[in-house]
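Have the viewer open while you read.

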Amino acid sequence: MPGRVLLIEDEPNIIEAIRFILSRDGWTVDVHSDGATATDAVAQRAPDLVILDVMLPNRSGFDILADIRAGDATRDLPVLMLTARGQSKDRDMAERAGASLFMTKPFSNAEVVASVRQLAGRAEGP
Amino acid sequence: MAKLPLTGSRIRERRLDLGLRQAALAEACGISASYLNLIEHNRRRIGGKLLNNLAAALEVEPTSLSEGADIALLGALREAAEAAALNAADAARAEELAGRFPGWAELIAAQARRIASLERTVGTLSDRLAHDPHLSEALHDLLSTVTAIRSASSILAGEEEVDPEWQARFLRNINEDSHRLVTASEALVRYLDAETAADGARATPQEDLEAWLSAEGWHLADLERALPPSAASLVQRAEALRSDAARRLAADYATRYRKDAEALPLGALRDAIARHGLDPAALSQAFGVDLATVFRRIATLPDEAGAGPVGLAICDASGTLVFRKPIAGFALPQFGAACPLLPLYQALGRPMSPVRAIVEQAGRHSARFLTYAISQPGQPADFDGPVVFEATMLILPEPQPPQRQAQVIPIGPTCRVCPRDHCVARREPSILSASD
């Protein structure tokens, strides 16, 4: 199952922890931290799934997700959204924007791994 | 799983520190290397002469090998494991972690305490989030930092081996993030202090009333006298009441307080409590007054009456909390709706029927309380007008030892910050997500 994950997040220590736990689970983890160029990074790196923070420098994660869903090649790409606010409106916005799953900070390592595995399973599909 | 003393782990650590081979130490102590190996892996208990010999060979005091890790540290680690719902196998290794890596164990325990403190901050602030974008932004930073610490700590505390380079990296990250947390927390406090100072009118009249009563110890001695001052004059000189609305609320409160004091004079009430204890039903019968009056009088006893901590909550017919006298460990939200499972609301749903229940608060300490509640008309009966009910709940610490086997109702602060995942009364998701 493990493949390539693109982590779009700007908190260095969260990046390091997620990269570690997913790498240990067998995933190849690429990282991108700038919201403005995140859509290009998704196109160039062609990941199996994306972990996308809502609050990024220069561009909102919701806007990036909208781009992903609008692209022919990335329309069905599994996207796990991360939010720190935990407010209902963020979850609603994530669902409306087409997030496959979302997690609220502070999340656990086990949740991250389980969510990625779940999304990858869905991506492989029948 | 049986808990093993970790003398063996400490022997091993010390031996490795000295650069001694297992066989050499075993020979020095007159035992086989395989037996020492079993000891070092905590599969054999030792003491007496052998422990003394090993300590001598390792140039340490025997007690430094045999005494366990600091109890407080182990307690903190176990609390951290419980809070993170760490699996039982890992959680049972807290002593091993403390024994083998005392510095890291201290760090994890300190971070867990810090996270607990910050979660309390989150609980306090979350009610205001929807109304304050600056606060929301600050909390985002804070939660991101907590997330990073939590992830790194979980990796270090987990069962799987982490190579030294990564260990050092995560240790450094935790250290950095802990400093960020301090900075973020201080910034939040400064922001809130400044906001409070700059915008005193932000506090509601109800908050002003409660602040005034709190400063008075919730007991208005002037209103207990035979010839009390008028409610208006009493509130007029109260500096904590900063608005006409607050003074009006306080005057209404003082008027009711005086009526309660006339129905249950302080001296007689003390005598009755000496006979019946804090039993609202017995006191109600003894004085021929309704339960809500008894609740309010118990909640406003002076400290010297020795009633101990007493909380009180009153809600109107909409369920809105219109009065809160806090009691430590029992969360009543300052903003937004309270827990639907509060006996207060059970009482509201069945007017005039007394409710008594033991409740258990959510959270690390899960304190239990004995509660009494009743819903009664909030104003004199009138055949022409609507009857508006008001529910009152008295909150006492759970009697020790518990007097009877009663059903315990699990409650929480308010859904937004309640950690109970599978609550039948949940209105909305909690920002305190489930742990790993």
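The points below go from conventions to cores, then helix packing, then a few backbone details.

1. Conventions. This is a predicted model, where local features need pLDDT of at least 70, side-chain atom pairs count only at pLDDT 80 or more, and totals for chains, interfaces and linings use all residues. Residues are numbered from 1 along each chain as its sequence is written, while chains are lettered from A and ligands numbered from 1 in the order in which they are written.

2. Chain B overall. You'll find 18 helices and six strands in chain B (DSSP runs numbered from the N terminus, helices being H or I with at least four residues and strands E with at least two). Of its 436 residues, 36% are buried, meaning that 20 or more other C-beta atoms lie within 10 Å of the residue's own; 12 or fewer makes it exposed, anything in between partly exposed, and C-beta atoms are placed from the backbone. Take the chain B contacts (C-beta atoms, placed from the backbone, within 7 Å) between residues at least 6 apart in sequence: 63% of them join residues at least 24 apart.

3. The cores. The largest nonpolar core counts 67 residues, and Val50(A), Leu52(A), Met81(A) and Leu77(B) have the most contacts inside it. Its top contributor is helix H10 (residues 133-157) of chain B, with ten residues. A separate second core has 62 residues, among them Tyr257(B), Ala299(B), Cys315(B) and Ala347(B). "Core" here is a set of buried Ala, Val, Leu, Ile, Met, Phe, Trp, Tyr and Cys residues joined through C-beta atoms within 7 Å.

4. Around Leu52(A). Leaving out residues up to four places away in sequence, Leu52(A) touches Ile8(A), Gly61(A), Ile64(A), Leu65(A), Val79(A), Leu80(A), Met81(A) and Leu82(A).

5. Ala97(A). This residue sits in helix H4 (residues 88-97) of chain A. Buried or exposed? Ala97(A) counts as buried, because it has 21 C-beta neighbours inside 10 Å. With residues up to four places away ignored, Ala97(A) touches Phe62(A), Leu65(A) and Ala66(A). Its C-alpha atom is 8.2 Å from that of Asp63(A), 34 residues apart along the chain.

6. H16(B) against H17(B). Helices H16 (residues 280-287) and H17 (residues 291-299) of chain B pack at about 110°, with axes 9 Å apart; axes are lines fitted to C-alpha atoms over the stretch in contact, and angles run from 0 to 180 degrees between N-to-C directions. The two are therefore roughly perpendicular (65 to 115 degrees). The contact uses Pro280(B), Leu283(B) and Ser284(B) from H16(B), and Leu291(B), Val294(B), Phe295(B) and Ile298(B) from H17(B).

7. How enclosed is H17(B)? Nine of its nine residues are buried, so H17(B) is largely enclosed by the rest of the structure. The buried set includes Arg296(B) and Arg297(B).

8. Lys105(A) and Pro106(A) are joined by a cis peptide bond, omega about 0°, and Pro106(A) lies in the loop between strand E5 (101-104) and helix H5 (109-124) of chain A. Ala46(A), a non-glycine, has a positive phi near 45° and is exposed, with 12 other C-beta atoms within 10 Å. Trp218(B) also has a positive phi, about 65°; Trp218(B) is in the loop between helices H12 (205-215) and H13 (231-236) of chain B, and is partly exposed, with 18 other C-beta atoms within 10 Å.

How values were computed:
Two residues are in contact if their C-beta atoms, placed from the backbone, lie within 7 Å. Angles under 35 degrees count as roughly parallel, over 145 as roughly antiparallel, 65 to 115 as roughly perpendicular and the rest as oblique.
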